[in-house]
Amino acid sequence: MPLQLSTIQPSPDTISPPDDVSLNFTLTANVGADYIVSYNLALGNNLYFQQTDGTLVKQLVDPGTAGGTLTVFNKDVRIVSKGPKANTSFVLKVVVREGLNGDTKSCKIWIS
Amino acid sequence: MDHLLSRGKTVFSFYFLLLFCFQGAVCAQTVTKQKTVTKTTNIVVAGTKEVTLDISGRSFSDILPFDVPFILSGTTGISDKMTIDKIIAIECFYQINTTRKDDQTIPNATEETKYKNGEDGRMYASWQNNGADTKWRLSIKELMPNRHYSFFFKFKRKLSDDERAKLAEHASRIIPPLIAKHVDNNIVSLSIAEIGQIVSETVDKLKSDLAKNGQDITATNLSSVDQNIIAKAMGDLSFAFQQRIDEQQSISWNIDALKADSAELEKVLSRYKASADKKPEHVNAINNALLLLKSVFTYPKGDNAVNKGQSYLDNIERVKAELEKANIPGDEYGKVKTALTDHLEDITTNFNGYAERINNLSKVTDAEMDKFVATVIRTYEDAILVSATTTNNNFVTRSNSFITADIGVALLPSIGKMVPYLGTNIYLRPINQDRPLFIKDLFTGKDFDRRFSLMLGLTYSTLAKDGYRENLMSTFNLITGAGLRIADFVKVNGGVVWYTKLNTNPLNTNNTVRGLGFVSLSFDLQIKTVFHKLFTADVTTIPTKP
């Protein structure tokens with residue numbers, strides 16, 4: 001069973017940082033396959049994920065095991081910016097890997 | 001008594017003529033100030049000469065008038081296809097071409113300012129399309145006579161659909177590589193500043209390319225709405241890039257996994273070849289699969305992914321078929337085969353996605369570049385140089401600029417007579433009688449060279465006096481002198497009327513030519529129709545002020 005991500009649907013797709021975004025997508029994998037999903041922002045821009053303890057990071061990592069061939073994700077992330085508005089939109093990239101192989105998909109989020 | 005009456009009539013006629021002519025001059029000035037026919041930078045009066053710019057021949061329809069402002073007009077841009085509705089504005093920069101050569105260059109921005117400020121004899125005119133004009137008009141200031149001029153025109157116009165498409169195509173080659181520079185940790189990230197930089201670099205490159213053809217584009221100052229449009233266009237384009245990068249990354253990972261599977265397959269094959277129950281067809285199938293797998297490790301990129309992609313996918317299918325053929329019993333081969341098949345399917349999915357993203361990138365690029373050009377580049381500029389002259393090359397026509405005729409009355413104080421005469425005035429420079437002369441400027445010395453002329457004429461009433469003088473020529477006498485136009489068609493003159501002085505001895509025929517000093521007032525013959533109306537028409541038909 002190939003490891004495949006569906007298109008990432010951000011909700012909402014326009015935010016005013018600091019703001020929350022829900023990332024909706026599905027993962028297709030073999031049952032029992034161990035995977036790692038990571039959520040990534042470009043290193044150069046001034047946008048960060050804010051974790052529950054308040055720390056700002058560029059990458060969030062969620063390891064997991066496929067309970068079925070199709071796993072539904074509704075990942076809530078909080079996006080904050082450092083300094084004044086620098087971007088009009090940004091790419092949030094989701095990567096899933098299992099061993100050497102994997103899949104990657106991105107979504108675009110607008111900043112108002 | 002008759003003599004007195006005759007003289008009285010002459011004086012009365014002269015006074016009436018003078019009064020009417022001044023009144024006419026005032027009326028003419030009043031009329032011209034009321035009628036403004038264009039909205040250009042200079043006031044252009046009714047009756048002003050209009051010269052047309054012949055676009056195809058890069059020339060004017062006529063010799064340019066001098067001493068008076070005139071209108072330069074046309075209905076098209078630099079080509080007959082560029083109709084007036086496409087023209088936004090026209091700027092005209094002109095000055096005397098002292099070299100009289102057609103090697104004038106297009107002025108740069110600094111020089112343009114000098115033209116606008118009127119420095120060193122440079123002049124400037126402009127026209128804005130108000131949407132209702134059927135032709136463009138430029139008000140050209142007074143030009144000097146007998147000079148060559150260089151006119152530089154800048155036509156600011158809208159982009160035609162064809163030009164917009166071409167510029168978009170051009171921009172689509174420039175912008176993607178600029179965006180590709182901003183890949184950050186496999187994520188395309190464009191800040192507002194970077195978008196501005198890309199816009200600026202793109203416009204600069206487009207300008208540079210167009211300048212080679214003497215064309216120019218004007219990038220507009222982007223409003224906040226325009227900035228949002230551009231940001232969105234760049235955002236969509238960069239996301240299309242991002243999607244392509246994502247697919248490439250996925251392909252790359254799955255190829256890594258495939259390489260590991262391939263190494264495992266080699267080990268399985270090695271063990272199988274060493275086993276007692278090996279079958280050559282299975283060995284051959286696995287060898288074929290391993291060989292074909294090497295061709296799968298490298299995938300076609302860019303346009304090749306679209307054009308040669310099917311061949312790559314066919315190889316993947318052949319590998320899968322060879323793996324099926326090698327029906328080696330046992331879990332070891334089964335696991336490798338499943339892993340290989342899964343990863344090959346992953347690659348097939350990712351590669352199809354990659355090819356689709358390339359197609360999508362092309363479509364997005366086309367669509368977004370059209371928006372880019374429409375937003376950033378609103379104006380296109382065409383520039384042309386036209387040489388022109390105010391010198392008429394026809395001798396007879398040119399002489400008209402130097403010589404005028406008038407009719408006048410000369411007062412000869414020394415003999416107490418007034419005589420009418422017909423005179424020709426010879427100016428020392430070409431004059432354009434359409435240029436108005438005002439009495440108020442007379443004493444300032446302004447336009448002296450346009451007022452002063454030499455005079456030569458004939459009196460047409462006799463000065464003969466029995467036993468004392470005879471007319472110089474039959475019934476005429478030569479009149480010479482110089483004059484000064486005090487207003488448009490009124491001159492004061494002074495000089496000498498030449499007559500034949502008879503010898504006091506009636507038996508002696510050796511007569512002499514003598515002169516009588518005179519002062520005169522004369523009127524240009526071109527207003528003969530006014531004279532005619534004055535003396536022949538009913539009083540009620542005399543023109544009045546509007």
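The largest cavity has a volume of about 80 Å³. A cavity is a set of points on a 1 Å grid over the protein atoms alone where a 1.4 Å probe fits but cannot get out. Grid points are joined across faces, edges and corners, and a volume is the space filled by probe spheres set on the points. The model is predicted; local features need pLDDT of at least 70, side-chain atom pairs count only at pLDDT 80 or more, and totals for chains, interfaces and linings use all residues. Residues are numbered from 1 along each chain as its sequence is written, and chains are lettered from A in the order in which they are written.

The search of the whole structure finds two cavities of 30 Å³ or more. Lining residues have an atom within 4 Å of a point. For the largest cavity they include A:Phe90, A:Lys108, B:Ile195, B:Met234 and B:Phe239. Helix 5 of chain B gives the most to this lining, with four residues. Helices (H or I, at least four residues) and strands (E, at least two) are DSSP runs, numbered from the N terminus. The lining divides into seven nonpolar, four polar and one charged residue. Here Ala, Val, Leu, Ile, Met, Phe, Trp, Tyr, Cys and Pro count as nonpolar, Asp, Glu, Lys and Arg as charged, and the others, Gly among them, as polar.

The second largest cavity has a volume of about 50 Å³. Of its 13 lining residues, B:Asp406, B:Asn425, B:Arg485, B:Lys491 and B:Asp524 lie nearest its centre. Strand 18 of chain B gives the most to this lining, with three residues. Four lining residues are nonpolar, four polar and five charged.

How values were computed
Heavy atoms only, no water. 1 Å grid on protein atoms, 1.4 Å probe; cavity = no way out; pocket = protein on both sides within 12 Å on 5 of 7 lines; lining within 4 Å.
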